[in-house]
Amino acid sequence: GKHMGIHVLTLHGGKDIQAQINRLKDQTHVVVGTPGRILDHMKRGTLHFGRIKMLVLDEADKMLEMGFLEDVEEIILQSNRDRQTLLFSATMNDQVKQLARRFMFQPPHIKIETKQATADKTKQYYYVINQSDKIEALQSLLKVLKPYLAIIFVNTQDRVEHVTEQLQMGGYEAKALHGGLSQKKQEQLMDEFRHIKFQYLVC
């Protein structure tokens with residue numbers, strides 16, 4: 001909406017809530033946010049959904065998997081009943097279907113078929129490896145493939161720190177990015193990675 005005169009406000013944790021409250025006093029057309037922070041503002045009375053025309057639940061399956069069902073339900077219940085509700089989800093599991101049945105009126109189900117998951121020039125590989133061998137296998141792959149830049153995804157914050165430490169000990173320019181870092185530090189790391197200050201981002 002940058003060039004359409006639409007004022008958009010993002011509401012999520014890691015940002016000063018008072019600054020968000022001040023921004024909400026201005027005219028805002030679209031609010032994009034996480035369930036927890038939106039509910040926080042609603043409870044404070046700094047945000048209300050009594051007149052909204054459209055409510056969009058994006059990544060509905062992921063939000064419910066992460067335990068946001070009660071928050072999402074409370075937000076919906078406090079919303080204008082005449083709203084249009086749009087629900088986007090990569091998977092339509094039972095929880096998502098139940099949410100749709102409860103809060104939507106005869107919604108059409110639009111399924112987007114993906115003809116090709118990756119671009120033509122993208123090569124994909126996967127290796128089945130024991131947990132104890134993963135660090136060694138990763139270092140072997142980096143040595144053989146020599147990626148100029150790489151993002152390495154792992155599944156926990158502790159694992160991020162461990163993998164980063166092991167790579168650094170192996171002589172690789174690696175840094176860790178996870179939710180335990182301050183917003184400022186996360187932004188600094190991303191900026192450094194974009195400017196190729198280091199090669200391997202573990203997150």
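Axes here are lines fitted to C-alpha atoms, for helices over the stretch in contact, and angles run from 0 to 180 degrees between N-to-C directions. The views come from a predicted model, where local features need pLDDT of at least 70, side-chain atom pairs count only at pLDDT 80 or more, and totals for chains, interfaces and linings use all residues. Residues are numbered from 1 along each chain as its sequence is written, and side-chain values use heavy atoms, leaving out hydrogens and water.

**View A. Helices α2 and α4 pack at about 45°.** Look for α2 (residues 35-44) and α4 (residues 69-77), whose axes lie 9 Å apart; helices (H or I, at least four residues) and strands (E, at least two) are DSSP runs, numbered from the N terminus. The two helices are therefore oblique to each other (angles under 35 degrees count as roughly parallel, over 145 as roughly antiparallel, 65 to 115 as roughly perpendicular and the rest as oblique). In α2, P35, G36, I38, L39, M42 and K43 meet D71, V72, E74 and I75 of α4, contact meaning heavy atoms within 4.5 Å.

**View B. Side chains alternate along strand β3 (residues 54-57).** Strand β3 pairs in the parallel sense with β4 (residues 84-87) over 4 bridges, and two strands pair if DSSP finds at least two bridges between them.

**View C. Three strands form an open sheet in the order β5-β7-β6.** The pairing is parallel, and the edge strands β5 (150-152) and β6 (174-176) each pair on one side only.

Notes
Buried < 20%, exposed > 50% of the residue type's maximum accessible area, 1.4 Å probe, protein only.
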